[in-house]
Every structure is written in C-alpha cells, then in structure tokens.
Amino acid sequence: MNFLFTLEAQLQQSVGMILEVATDSALFEGKLVSFKNGLIELEETVIGYERESRSVFISLSSVNFIKVQL
C-alpha cells in the first residue's frame with residue numbers, strides 16, 4: 001500500500017480534528033479545515049490581547065510530522 005495515499009486518506013477523515021503539524025522551521029496547532037491537492041488548511045487560534053483565528057496553509061511536501069489530538 002502506498003504511504004502517501006494512506007496519509008491523504010487519513011487527513012481527509014481527520015477534518016474537524018485538532019492537529020499539530022511540524023515543518024523544518026515551525027510548529028502549527030489548529031483545527032483541520034480541509035485537505036486537498038496536497039495542501040493542509042488549519043484554523044489556528046492566535047493568543048494575544050484579543051483572541052483571533054487565522055488560516056494557515058501548509059504544503060504536504062514540507063511536513064515533517066503530524067500529530068492528531070483525540
């Protein structure tokens with residue numbers, strides 16, 4: 001079985017769950033909004049003076065690991 005195919009299928013099933021996604025230079029945590037065409041879209045909550053959300057787009061080719069929080 002192809003690992004990339006399995007990973008893409010798992011990401012499709014994980015929409016709405018909280019993920020940690022690490023790249024070479026950053027760690028992102030947020031709700032998985034969508035996954036299509038090799039692009040992960042997370043809704044990340046920015047903690048500061050006011051709470052706000054932002055969309056983060058991460059290419060699957062730049063991901064080092066993904067952790068799903070249950």
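I would like to begin with valine 56, which, once its neighbours within four places in sequence are set aside, is in contact with Phe28, Ile40, Glu41, Leu42 and Glu44. Please keep in mind throughout that what we are looking at is a predicted model.

Valine 56 belongs to the largest nonpolar core, a set of 12 residues made up of Leu11, Leu19, Val21, Phe28, Leu32, Phe35, Ile40, Leu42, Val56, Ile58, Leu60 and Val63. Four strands, namely β1 (18–22), β2 (27–36), β3 (39–46) and β4 (52–59), each supply at least two residues of this core, and it is β2 that gives the most, with three residues.

Leucine 19 counts as buried because its relative accessibility is 0%, which falls under the 20% limit. Not counting residues up to four places away in sequence, leucine 19 touches Leu11, Phe28, Glu29, Gly30, Leu32, Leu42, Ile66, Lys67 and Val68. As for distance, leucine 19 and valine 46 lie 27 residues apart in sequence, and their C-alpha atoms are 15 Å apart in space.

Finally, I come to threonine 23, whose place is in the loop between β1 and β2. Is this threonine 23 buried or exposed? Threonine 23 counts as buried, because its relative accessibility is 14% and the limit for buried is under 20%.

Conventions. Residues numbered from 1 in each chain as written. Predicted model: local features only at pLDDT ≥ 70, side-chain atom pairs only at ≥ 80, totals over all residues. Heavy atoms only, no water. Core = buried A, V, L, I, M, F, W, Y, C linked by side-chain atoms within 4.5 Å. Buried < 20%, exposed > 50% of the residue type's maximum accessible area, 1.4 Å probe, protein only. Contact = heavy atoms within 4.5 Å.
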